[in-house]
Amino acid sequence: MLGALGIGVTTSIAGCLGELVDNGAEGEDDDEHPFADRVIDHPGGESIPFTEDQHCAVCNMRPTSYARWQGQLAHENGEGAVFDTPGCLFAYYAAPPVESPVSDAWTTNFGTTELIDATDAHFVLVTDEDGVDSEPMGLNPRPFAAREDAVAYLDEWDAEALTEEDIIELSAVDREIARIYRGRRVPDEP
C-alpha cells in the first residue's frame, strides 16, 4: 500500500514539474507541434463556415461558442485552422505547425460578429488583465477593420495607457507578442 502511494506521489510530482517546463499544450508529444492535430482543410480565398465539430487549434475550445471572438486562417497548401479568440489566432500565427505560408486570415471586428480580413486588420494590444471581463481564454487583442476605429478604442480603454504604437497589423505578430495572450501555449522555436 505504501509502495503504491509512493509511486503515485512520485508520478504526481513528476507531472507537476513537467507542467513547469512544458512550452506546448498539455498532454502533447514533445516531437509533435502542439497545434498539429487540429489543422483542418481550408481552401482559402474566403472564410469557411464555423461548425460545432471544429475546435480551436490552440486551446481546443469550440469557436461556435464565441461568435464575437472567433477567427480562422488558411495556408497556401489548403490547410488551415479555426480559433475561438484573436489571442489564439496570434499564438498559431506566430508558431504555425504548417510550413506553408498563410494565404488568408479572418477575425471578428471587435464588439461584433462580423468577420473581417485579419491581414488588413488593426489590432490594439491591450495587456492589462484587470481590464477584461469574462473574455474567453482571458486577455485578447482588439481587432478592428478600420484604423480610425482602433485609434478611437484607445480612448475607451482605461485599464492602461495605450498609444497608437500599441496598434499593430497581423504581420507584426511574433512569439513575444503572442505570449502576451497565450503564454506557455506558444511553443518555443524548434
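Start by selecting residues 71-75 and 102-108, the strands β2 and β4, which run antiparallel and are joined by five bridges. Two strands count as paired if DSSP finds at least two bridges between them. Strands (E, at least two residues) and helices (H or I, at least four) are DSSP runs, numbered from the N terminus. This is a predicted model, in which local features need pLDDT of at least 70 and side-chain atom pairs count only at pLDDT 80 or more, while totals for chains, interfaces and linings use all residues. Residues are numbered from 1 along each chain as its sequence is written, and side-chain values use heavy atoms, with hydrogens and water left out.

Within this pair of strands, pick G71; its bridge partner in β4 is T107.

**From β4 to β5**

Show W106 and look across to β5, where D117 stands opposite. Then follow the hairpin of β4 and β5, with its six residues between the strands, to G111, which takes a positive phi near 80 degrees.

**Salt bridges**

Next, show the charged side chains. A salt bridge here is a side-chain nitrogen of Lys or Arg within 4 Å of a carboxyl oxygen of Asp or Glu. The count by this rule is three salt bridges.

Select E135 and R142, whose side chains meet in a salt bridge at 2.6 Å, N to O. Are E135 and R142 buried or exposed? Both E135 and R142 are buried, a term for residues under 20% relative accessible area; exposed means over 50%, and partly exposed lies in between (1.4 Å probe, protein chains only).

Move to E164 and R147, where the side chains form a salt bridge at 3.3 Å, N to O. E164 sits in the loop between α3 (147-156) and β8 (167-168) and R147 in helix α3, so this pair ties together parts that are 17 residues apart in sequence. E164 is partly exposed, with a relative accessible area of 44%, and R147 is partly exposed as well, at 32%.

Then select D188 and R179, a salt bridge with 2.8 Å from N to O. D188 has a relative accessible area of 42% and is partly exposed; R179, at 30%, is partly exposed too.

**Aromatic pairs**

Now display the rings of Phe, Tyr and Trp (its six-membered ring), which pair if their centres lie within 6.5 Å; planes under 30 degrees apart count as stacked, over 60 as edge-to-face and the rest as tilted. That rule gives nine aromatic pairs.

One of them joins F35 and Y92: the ring centres are 6.0 Å apart and the planes are at 20 degrees, so the pair is stacked. F35 lies in the loop between α1 (2-21) and β1 (40-41) and Y92 in helix α2 (residues 86-94), so the pair ties together parts that are 57 residues apart in sequence. F35 is buried at 0% relative accessibility, and Y92 is buried with a relative accessible area of 0%.

F90 is in helix α2 and F123 in strand β6 (residues 122-124), so-called distant parts of the chain, 33 residues apart. F90 is buried at a relative accessible area of 0%, and F123 counts as buried at 0%.

For the last stop, select W69, F110, F144, Y153 and W157, which form one aromatic cluster.
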